[in-house]
Amino acid sequence: MAKNVVVLGAGMVGVSVAWHLLKRGYDVTVVDRMAPGQETSFGNAGIIQREAVRPYAFPRDLATLLRVLPNRAVDIRYRPTSVLRAAHPLLQYWHHSSENQYKKLVPEYAALIMQCLDTHDEMIASAGAASLIRKQGYLKLFRSQKALDEECSRAASDYASYGVEYEVLSKAQLATLEPHLTAQLAGAIHWKQPWTVTDPGALVQAYADDVIAKGGEIKRANLRALKQEDGQWVIETDNVRLRADQVVMAMGPWSSYWLRQQGIEVPLFTKRGYHMHYQGDANTPLNHWIMDAEVGYLLAPMRAGVRLTTGAELTALDAPLNERQLSAAEKVARELYPLGDRVDTAPWKGGRPCMPDMKPVIGPTPNKPGLWLAFGHGHQGFSLGPVTGKLIGQMMDGENTSIDMQPYRVDRF
């Protein structure tokens with residue numbers, strides 16, 4: 001197997017793929033228009049989510065749909081024109097979210113998630129990035145007893161099936177862990193296994209620095225063309241022309257555009273997320289990452305301040321920024337916890353690359369020898385980058401993979 005590889009994309013997934021291929025002796029160059037970890041990987045909630053064995057399904061119950069329809073919810077918003085443009089993949093998403101379909105895909109999704117801690121651990125140790133990691137899990141807060149009871153039922157099932165570890169916290173126990181929360185809460189689930197990251201972009205950069213230390217190259221350039229020529233792949237950018245025996249497409253939400261140039265259509269759509277940092281107060285510290293589950297946002301005590309991340313906005317990748325979802329989340333968050341002033345001059349926004357069946361695309365491209373795919377991780381690219389890199393390496397070397405890779409092939413569509 002030829003050993004010269006170009007990885008397109010320097011987010012968590014692309015950098016992790018490069019790291020694993022270098023470990024296997026490949027000659028690796030990473031190409032991205034941005035510095036490592038500065039796109040979608042930069043703005044997430046910073047959780048390596050071992051508990052997230054169930055992907056985010058399309059809401060199908062009438063109560064949720066009626067709540068979302070007015071387009072004022074914190075957790076889900078949409079732009080009508082973008083929904084119309086993505087109607088086909090969204091209808092497929094709705095189909096795969098039915099009870100029977102969802103029940104089949106959860107074990108396939110969980111098979112990836114269950115490896116996230118071990119695969120990150122190896123890279124964290126190699127990159128010397130342990131100072132960015134906190135191993136105390138996170139808290140999922142509930143305002144109603146009914147919602148808490150429903151989550152407890154799911155947690156018990158996930159513990160039995162997938163080894164998800166958790167603790168149910170009463171209102172009093174929650175107040176002990178987080179004494180500065182001011183809203184009326186029924187209790188919380190403490191997910192015990194997840195690791196949190198105080199600077200997600202810095203973790204990707206640490207992994208990228210390790211890629212360079214291992215002999216890889218990272219080139220900052222805009223991709224202009226990707227084509228096959230004389231049995232190799234030619235990667236043309238605005239400042240360099242590369243040739244490679246193999247290419248890995250790890251460009252997140254931009255992957256579908258470049259695959260279309262190869263005559264390959266994938267039903268990828270984007271869910272946008274926003275974040276903003278706020279000043280903290282040493283007298284009222286936030287001790288854990290906390291998710292306000294029934295409202296749909298998360299607060300995280302990061303290096304840059306307390307980060308508020310929103311739920312999902314169904315919108316086009318290139319749509320202009322809209323602050324209304326973030327502002328709505330901030331208003332509710334201030335009723336829960338004493339946020340300080342805004343730190344950032346403007347909100348950050350980023351697009352999550354989503355597939356209709358909620359599983360990423362990982363593997364070779366049929367009829368395109370040497371083109372490998374690693375995208376479509378939805379909400380969990382930050383968690384699943386390292387395991388994706390591990391699996392791509394196993395497949396490239398013709399080894400038996402850690403899990404069955406059939407469910408993640410691009411030709412499943």
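Does Glu-167 count as buried, partly exposed or exposed, and at what relative accessibility?

1. Glu-167 counts as partly exposed, its relative accessibility being 31%. This value, like the others in this note, comes from a predicted model, and the points below should be read with that in mind.

2. The side chain of Glu-167 forms a salt bridge with that of Lys-192, at a distance of 3.4 Å from N to O. Glu-167 belongs to strand S7 (residues 166-170), whereas Lys-192 sits in the loop between strand S8 (187-191) and strand S9 (195-197), so the pair ties together parts that are 25 residues apart in sequence. Lys-192, at 37% relative accessibility, also counts as partly exposed, because its value falls between the 20% and 50% limits that separate buried from exposed.

3. A second pair to inspect is Lys-214 with Asp-210, whose side chains meet in a salt bridge of 3.5 Å, again from N to O. The two partners fall into separate accessibility classes: Lys-214 is partly exposed, with a relative accessible area of 36%, while Asp-210 is buried, with a relative accessible area of 9%.

4. Glu-229 and Arg-243 are joined through their side chains by a salt bridge of 2.9 Å, N to O. Since Glu-229 is part of strand S11 (residues 223-229) and Arg-243 is part of strand S13 (residues 241-244), the pair ties together parts that are 14 residues apart in sequence. Glu-229 is partly exposed at 27% relative accessibility, and Arg-243 is likewise partly exposed, with a relative accessible area of 34%.

5. Cys-354 is in no disulfide, and the nearest cysteine sulfur, which belongs to Cys-116, is 18 Å away; a disulfide would require the two sulfur atoms to lie within 2.5 Å. Cys-354 is buried, with a relative accessible area of 4%, and Cys-152 is buried as well, with a relative accessible area of 17%, a value that is under the 20% limit for that class.

Technical notes. Residues numbered from 1 in each chain as written. Predicted model: local features only at pLDDT ≥ 70, side-chain atom pairs only at ≥ 80, totals over all residues. Heavy atoms only, no water. Salt bridge = Lys/Arg side-chain N within 4 Å of Asp/Glu carboxyl O. Helix = DSSP H or I, 4+ residues; strand = E, 2+ residues; numbered from the N terminus. Buried < 20%, exposed > 50% of the residue type's maximum accessible area, 1.4 Å probe, protein only.
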